[in-house]
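Please look at the sequence and the structure before reading on.

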Amino acid sequence: MADEWGYEDAPDDEKLRIAQHFLLSSPPGQEHEVLRDVAKLVPARVLTDAALRGALHAYNVKYALAVDVPDAEYQILICEDAEVDASHYIDPIGKRVFGFDHVKQTALQSYLQFEFMHQGTAGVYVKGSTLHVNVCAKRINLRNFWSGRWQSRWEADLTTNPLRVKGSIALHVHYFENGNLQLQSEKVVEDAVSFSSAAGLGDALLRVIKDADDNLQTNLEDMYINMSQETFKEMRRVMP
C-alpha cells in the first residue's frame, strides 16, 4: 500500500532482507548498536526471535566472533569450521563441544570488545585430510571513532609435502570522526612449504601465514605513502 508521499510499502520479507543486510554490514564491534537501531525501524512481526537469531548467527559465523569458553581461561572462534550446528561449536583446546546462544552472547561480546579490546583469537580444526586455521583480531575504540578487524582463514592439504596452503585475509577498518571512512581489503594466498616432521608442520604453516600478513601490511603502507605523495597531489587543481 502506498503512503501519503506516494511510496509503496515494502513487503515484510524485503524488510527482513534489508535488516539482515544492515547487520551483516556492521563495522567491527558495532553489530549490537546496529541491531538496536534496526529494531526501531522494522515492525516486531518482521524481526521475530527466529529471524533475530538467524541474523546474529550469520554475522557471528561470518566474522569469526571470539568468545570465552565456559570454565576455561581462553577463547575460541565461532566460525564455520567450528560449527557442529547453529548452537554448538567445537572447542579445539578443551577437545569438547559447547553450546552457544547467539542472542544472549552478542551484547556481552560487544561490551567486552568495546571496553577491553581483545587482541586476537585463533582456532585449528581437522576435517578429513584438510587442516583449517581461523584467525581473527579486533581492535575496537568507538570512543575515539575507530574500529578494525583483521581476519584470515587457511586450509592445508595434509596429504602433500610440500604442504599446499590456500588462504584468504580480510581487513576492515572504520573511522567516523567528522565523517565516515571505511577501508576494506581482501587478499587470496596460495603457497607451498616443505616440512620434515609432524612437529614442523605447524611452524611451516605459520611461516606462510606470517609472510602473507607481513606482505599485505607492507603493501598497505606503500599505498598510503603513494597516496599522500602522488595520488592526492595529482588530484589538486593546477594553478595558472
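## Terms and model

A residue is called buried under 20% relative accessible area, exposed over 50%, and partly exposed in between, using a 1.4 Å probe and protein chains only. This is a predicted model, in which local features need pLDDT of at least 70 and side-chain atom pairs count only at pLDDT 80 or more, while totals for chains, interfaces and linings use all residues. Residues are numbered from 1 along each chain as its sequence is written, and side-chain values use heavy atoms, with hydrogens and water left out.

## Confidence

The predictor's confidence in each residue, from 0 to 100, is its pLDDT. The protein chain has a mean pLDDT of 80, and 83% of its residues reach 70 or more. For residues 106-117 the pLDDT is below 50; this stretch has 28 contacts in the model beyond near neighbours in sequence (a contact means heavy atoms within 4.5 Å).

Strands (E, at least two residues) and helices (H or I, at least four) are DSSP runs, numbered from the N terminus. Two strands pair if DSSP finds at least two bridges between them.

Strand β4 (residues 88-91) and β3 are joined by two bridges in the antiparallel sense. Opposite glutamate 83 stands tyrosine 89 in β4.

## Aromatic pairs

Rings of Phe, Tyr and Trp (its six-membered ring) pair if their centres lie within 6.5 Å; planes under 30 degrees apart count as stacked, over 60 as edge-to-face and the rest as tilted. This rule gives three aromatic pairs. In one of them, the ring centres of tyrosine 89 and phenylalanine 100 are 6.2 Å apart and the planes are at 85°, so the pair is edge-to-face. Tyrosine 89 is in strand β4 and phenylalanine 100 in the loop between β5 and α4 (102-116), 11 residues apart. Tyrosine 89 is buried, because its relative accessible area is 0%; phenylalanine 100 is also buried, at 5%.

Phenylalanine 145 and phenylalanine 176 have ring centres 5.7 Å apart and planes at 90°, so this pair is edge-to-face. Phenylalanine 145 lies in the loop between β7 (130-141) and β8 (146-157), and phenylalanine 176 in the loop between β9 (163-175) and β10 (181-193), so the pair ties together parts 31 residues apart in sequence. Phenylalanine 145 counts as partly exposed because its relative accessibility is 32%. Phenylalanine 176 is partly exposed, at 23%.
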